Amino acid sequence: MGQKNESSTDFILLGLFPWFRHPHLLMLIILLFYAIALTGNCILILLILLDSRLHTPMYFLLSQLSLVDVAYISSTVPKMVINYFTGKKNISYLACATQLFSFLTLALAECILLTLMACDRYVAVCKPLRYTVLMNPKVCLQMAAAAWIGGALAALVHTVYPMSFRICGSREINHYFCEMPAILRLSCMDTSVYEMVIFLTSTAYLLVPFSLILTSYIVIFLTVLQMTSRKGRNKALATCSSHLTVPSEQRSVGGSEEVLGKVLQLRRCHVLQCHS
């Protein structure tokens with residue numbers, strides 16, 4: 001079996017928490033979280049699509065974020081479930097590269113969308129008279145396209161390059177999906193320079209959106225404080241408070257716990273519906 005693994009181009013996924021004593025229970029929990037996140041986001045997308053009152057820039061961007069979340073969890077969970085119930089742990093080279101590309105694209109697109117959502121709230125609160133002009137349907141489509149294309153281009157670079165590294169010995173990935181750090185650890189080449197590049201680009205993709213989001217809401221908060229109408233001030237704070245929960249939750253979910261953390265997405269969807 002070991003010789004077959006070494007001569008094959010397939011990778012071996014060891015799974016999520018292979019040391020866990022009750023894998024059946026863990027799989028049921030993951031499937032429950034997956035079903036909740038999938039159902040909640042799909043319902044939100046459907047509601048926004050069917051209700052003409054929700055055909056606004058804010059809800060359009062929110063529907064894009066929900067679409068990203070659906071694809072994000074679906075890029076890893078189904079394969080993990082199939083491997084578990086079939087008893088197979090292998091994933092082909094092409095499937096591994098596709099999974100890595102999809103995961104990175106969606107993660108990066110999510111960061112961009114969160115930033116665009118903050119910009120939308122900035123224009124709505126600070127430039128209300130020009131909101132319909134600045135956030136017209138064409139601009140919204142361009143913003144969504146920028147998020148998807150920007151994420152895909154960056155992900156393509158960080159998929160093709162690491163997947164071209166020569167792998168020596170075992171092809172076992174100590175994870176439930178093909179992630180970049182795990183693949184780099186299998187390489188027998190010096191990846192230190194590339195790892196530094198990954199660190200710098202990852203830091204930029206986290207800090208730049210976070211800084212823009214933080215700056216936007218600081219300006220929004222200062223603008224709200226200057227409002228004389230209490231009703232207008234409360235409305236502005238209500239519509240922005242729900243958006244603030246999104247980046248805070250997104251930054252708190254990471255590492256190897258992506259699937260389990262997705263249960264927060266359902267709560268986020270309900271919060272956004274209640275406050276908007």
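Two residues are in contact here when they have heavy atoms within 4.5 Å of each other. With that rule in hand, take Ala109: setting aside residues up to four places away in sequence, Ala109 touches Val68, Ala147 and Gly151. Ala109 sits in helix H5, residues 93-126, where helices (H or I, at least four residues) and strands (E, at least two) are DSSP runs numbered from the N terminus. Its relative accessibility is 0%, so Ala109 counts as buried; the cut-offs are under 20% relative accessible area for buried, over 50% for exposed and partly exposed in between, using a 1.4 Å probe and protein chains only. Ala109 also lies 7.9 Å from Ala152, C-alpha to C-alpha, although the two are 43 residues apart in sequence.

A word on what you're looking at. This is a predicted model, in which local features need pLDDT of at least 70 and side-chain atom pairs count only at pLDDT 80 or more, while totals for chains, interfaces and linings use all residues. Residues are numbered from 1 along each chain as its sequence is written, and side-chain values use heavy atoms, with hydrogens and water left out.

Now step back to the whole chain. There are 12 helices and 3 strands in the protein chain, and 41% of its 276 residues count as buried. Take the contacts with a separation of 6 or more: 77% of them come from residues 24 or more positions apart.

The UniProt record, an unreviewed entry, puts the annotation "transmembrane region" on residues 25-49, 61-85, 91-118, 139-161 and 204-225. UniProt positions are given in the numbering used here, feature names are shortened, and annotations may be inferred rather than shown by experiment. How do two of those stretches look in the model? Residues 139-161 are 100% helix and 0% strand, with the end C-alpha atoms 33 Å apart. Residues 204-225 are likewise 100% helix and 0% strand, and there the end C-alpha atoms are 31 Å apart.

Let's see how some of the helices pack, starting with H2. Helix H2 (residues 23-50) and helix H3 (residues 57-74) have axes that come within 9 Å and cross at roughly 150°. Axes here are lines fitted to C-alpha atoms, for helices over the stretch in contact, and angles run from 0 to 180 degrees between N-to-C directions. H2 and H3 are therefore roughly antiparallel to each other; angles under 35 degrees count as roughly parallel, over 145 as roughly antiparallel, 65 to 115 as roughly perpendicular and the rest as oblique. The H2 and H3 crossing is left-handed, meaning that the near helix is turned anticlockwise from the far one by less than a right angle (clockwise would be right-handed). On the H2 side, the residues that meet H3 include Tyr34, Asn41 and Ile48, and among their partners in H3 are Tyr59, Asp69 and Ser74. The residues of this contact of H2 with H3 divide into 12 nonpolar, 4 polar and 1 charged. In that scheme Ala, Val, Leu, Ile, Met, Phe, Trp, Tyr, Cys and Pro count as nonpolar, Asp, Glu, Lys and Arg as charged, and the others, Gly among them, as polar.

H2 has another partner in helix H4 (residues 77-86): their axes come within 11 Å and cross at roughly 150°. H2 and H4 are therefore roughly antiparallel to each other, and H2 passes H4 in a left-handed crossing. Pro23, His24, Met27, Ile30, Leu31 and Tyr34 of H2 make the contact with Val77, Pro78, Met80, Val81, Tyr84 and Phe85 of H4. By class, the H2 and H4 contact has 11 nonpolar residues, 1 polar and no charged.

The contact includes Ala118, Cys119 and Tyr122 of H5 and Ser216 of H9, and it has 16 nonpolar, 3 polar and 1 charged residues.

Which residues does Ser216 contact, leaving aside its neighbours within four places in sequence? They are Ala118, Cys119 and Tyr122. Ser216 counts as buried because its relative accessibility is 10%.

Tyr194 counts as buried because its relative accessibility is 8%.
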